[in-house]
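Please open the structure in your viewer and keep the sequence beside it.

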Amino acid sequence: RSKIESAMKNLKAGADVARLSDALSRALSLLQRRGEGRRKVALVLSEARDSGSSNTAGFVLRGAQQMGISVYTVTLDAMRGMLKRAESQGPAGAYPAGVIWRPGPANAPPTPDATIPIGTANINMLPLIEELVTYTKNLLGGNPMKFYAQGSGADDFSSNSLESLEKAITRIGQELRNQYILTYRPNNLDKLGFHHLIVTAVRPGEKLTVRTRPGYMFTRRSEEHTSELQSRFGISY
């Protein structure tokens with residue numbers, strides 16, 4: 001705990017970019033060094049944006065899937081927090097009260113709710129995750145935090161206060177202590193491409209919800225592909 005607190009206190013603000021995919025690729029590289037049988041989990045605290053990364057979201061997500069790493073995300077609602085502070089402190093800066101100084105979605109009125117996080121909250125992201133992993137693309141829009149969480153079988157939480165942040169991290173800790181690891185060997189290893197995973201649980205008289213990653217990308221382990229993974233994440237077959 002003391003090492004974490006010391007590292008956080010020594011953090012310095014950088015440029016106005018959010019290199020989310022690059023940060024995750026570094027986390028995957030560190031987690032790959034964990035011993036056999038050890039749990040591999042990445043916890044991401046960030047706004048729901050990714051800009052300036054040299055790694056594509058699709059490539060990083062594929063790496064997380066192949067290494068069995070769960071990416072839990074806590075989306076920090078910085079805009080809502082700034083608006084709350086502005087309300088309590090009164091107008092400040094060059095913009096008068098009520099003016100939204102960040103661009104919102106197209107054809108949407110400039111209200112506070114229109115600026116906080118937009119994109120993929122209410123759509124089925126599974127086809128988009130499949131496309132990202134298959135072609136290792138970058139996100140053209142939407143919420144990268146939800147893509148990483150759902151694509152790795154984890155979950156995304158939102159936070160707009162210290163209390164909600166603490167609750168989210170507590171929930172993640174509880175969940176990690178109450179999970180099952182299921183393994184199997186596919187009977188269609190001759191089929192290249194994205195393989196979907198569907199897991200169901202049945203208990204008489206109860207409705208159960210199972211959350212898993214949506215699938216995985218199966219390719220021939222070519223020298224070129226293996227070399228690229230090893231250079232970025234330190235993966236060894």
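**The whole chain**

From the N terminus on, the elements of the protein chain follow the order α-α-β-α-β-α-α-α-β-α-β-β-α. They comprise eight helices and five strands; helices (H or I, at least four residues) and strands (E, at least two) are DSSP runs, numbered from the N terminus. Residues are numbered from 1 along each chain as its sequence is written. The model is predicted, and local features need pLDDT of at least 70, side-chain atom pairs count only at pLDDT 80 or more, while totals for chains, interfaces and linings use all residues; side-chain values use heavy atoms, with hydrogens and water left out.

Of the 237 residues in the protein chain, 32% are buried. Buried means under 20% relative accessible area, exposed over 50%, and partly exposed in between (1.4 Å probe, protein chains only).

**Stop 1: helix H2**

Select residues 20–31, which form helix H2. Its twelve residues should span 16 Å at 1.5 Å a residue, and the end C-alpha atoms are 16 Å apart, which agrees. The expected span is 1.5 Å times one less than the number of residues. Among the buried residues of H2 are Leu20, Leu24, Leu28 and Leu31.

**Stop 2: helix H3**

Next, select residues 57–66, helix H3. How many of its ten residues are buried? Nine are, so helix H3 is largely enclosed by the rest of the structure. The buried residues include Phe59, Val60, Leu61 and Arg62. Just after H3, glycine 68 takes a positive phi of about 70°.

**Stop 3: threonine 75**

Move to strand S2 (residues 70–76) and select threonine 75. Threonine 75 counts as buried because its relative accessibility is 4%. Its side chain is joined to that of aspartate 156 by a polar contact of 2.9 Å. A polar contact is a pair of N or O atoms within 3.5 Å; within protein, one must be able to donate a hydrogen and the other to accept it, and residues adjacent in sequence count only if both atoms are side-chain atoms.

**Stop 4: leucine 197**

Finally, select leucine 197, in the loop between strand S4 (193–196) and strand S5 (215–218). Is leucine 197 buried or partly exposed? At 22% relative accessibility, leucine 197 counts as partly exposed. Not counting residues up to four places away in sequence, leucine 197 touches Tyr184, Thr212, Arg213, Pro214, Gly215 and Tyr216, where contact means heavy atoms within 4.5 Å.
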